[in-house]
Amino acid sequence: MSSITILIAEDQRLVREGLETIINLEPDLKVVATADNGYNACVLVEQLRPQLVLMDIEMPVMNGIMATQRIKQLYPETIVLILSTFTDEDYIIEGLANGASGYLLKDFSSDKLTTSLKEAARGELMLPSKLAAKLAARLRLAAPPRLAVRDYGLTPRELEIAKLIVSYKNNREIADTLYIAEGTVKNYISMIYEKIGTNDRAKAISILTDTLEGTMFNH
């Protein structure tokens with residue numbers, strides 16, 4: 001099995017080297033390069049095309065949000081996972097709005113880091129639960145009224161899973177909540193994605209939030 005290729009963008013050398021050491025201990029993860037600012041990260045993504053970028057927010061020359069935006073515009077298949085000490089929802093919203101696949105706080109353990117990288121590489125949206133709650137509340141307050149909501153024909157089970165998706169639960173958490181296998185969850189999510197017309201988790205959350213807040217939610 002080939003390793004997941006990773007680029008680390010972090011301006012603090014000690015943190016950068018520590019992350020590289022931890023990640024490279026995993027046989028299915030491989031750091032192919034490191035960058036000390038967002039601009040260099042963009043250049044290295046162009047040269048090396050890593051599958052995943054672990055992106056710090058506060059960096060010189062170009063910050064992580066701007067670098068994420070540029071990378072996702074040019075290479076939308078590249079997964080970007082934001083890395084920061086910040087808990088301000090403005091950073092979360094801005095990062096996700098620019099294509100990031102999640103947000104990882106720097107207070108993680110080694111196991112949490114490597115697990116999160118693997119889950120992000122599988123297409124899961126990574127968001128700490130305490131930040132997910134803040135983000136959900138912020139989006140509910142900011143959401144404009146909907147004039148019409150499309151009925152995508154989701155089954156009762158798919159609706160149940162959709163509610164957990166918009167609560168920023170990952171596949172494993174959904175499986176644990178519903179007492180079903182994680183593989184079953186993935187199959188349901190694939191069917192949901194097909195019905196709503198997207199394979200992107202963040203876009204799916206936006207579509208499903210509209211759907212669940214509309215008339216279908218009351219059916």
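The secondary structure of the chain in this predicted model amounts to 10 helices and 5 strands. The chain has 219 residues, and 45% of them count as buried. Among contacts between residues at least 6 apart in sequence, 65% join residues at least 24 apart.

**Two helix pairs**

Two packed helices are described by the angle between their axes and the distance between the axes. The table gives these values for two pairs.

| Pair | Residues | Angle between axes | Distance between axes |
|---|---|---|---|
| H1 and H5 | 13–24 and 110–121 | about 70 degrees | 10 Å |
| H8 and H9 | 171–178 and 182–196 | roughly 110 degrees | within 8 Å |

Helix H1 and helix H5 pack at an angle of about 70 degrees. Because angles of 65 to 115 degrees count as roughly perpendicular, H1 is roughly perpendicular to H5. On the H1 side, the contact is made by Leu19, Ile22 and Ile23, and H5 contributes Ser110, Leu113, Thr114 and Leu117. By class, the residues of this contact of H1 with H5 are 5 nonpolar and 2 polar, with no charged ones.

The axes of helix H8 and helix H9 cross at roughly 110 degrees. That angle makes H8 roughly perpendicular to H9. Here Asn171, Arg172, Ile174 and Ala175 in H8 meet Glu182, Val185, Lys186 and Ile189 in H9. The contact of H8 with H9 has 4 nonpolar residues, 1 polar residue and 3 charged residues.

**A residue in H5**

Helix H5 also holds Ser116. Is Ser116 buried or exposed? Its relative accessible area is 1%, so Ser116 is buried. Leaving out residues up to four places away in sequence, Ser116 touches Leu81, Leu104 and Met126.

Helix H3 covers residues 64–74, and its buried residues are Gly64, Ile65, Ala67, Thr68, Ile71 and Lys72.

The start of H3 has a contact between a side chain and the backbone. A side-chain oxygen of Asn63 comes to within 3.1 Å of the backbone nitrogen of Ile65, and Ile65 is one of the buried residues of H3.

Terms used
Residues numbered from 1 in each chain as written. Predicted model: local features only at pLDDT ≥ 70, side-chain atom pairs only at ≥ 80, totals over all residues. Heavy atoms only, no water. Axes fitted to C-alpha atoms, helices over the stretch in contact; angles between N-to-C directions. Helix = DSSP H or I, 4+ residues; strand = E, 2+ residues; numbered from the N terminus. Parallel < 35°, antiparallel > 145°, perpendicular 65-115°, else oblique. Contact = heavy atoms within 4.5 Å. Nonpolar A, V, L, I, M, F, W, Y, C, P; charged D, E, K, R; others polar. Buried < 20%, exposed > 50% of the residue type's maximum accessible area, 1.4 Å probe, protein only. Polar contact = N/O pair within 3.5 Å; in protein donor to acceptor, adjacent residues only side chain to side chain.
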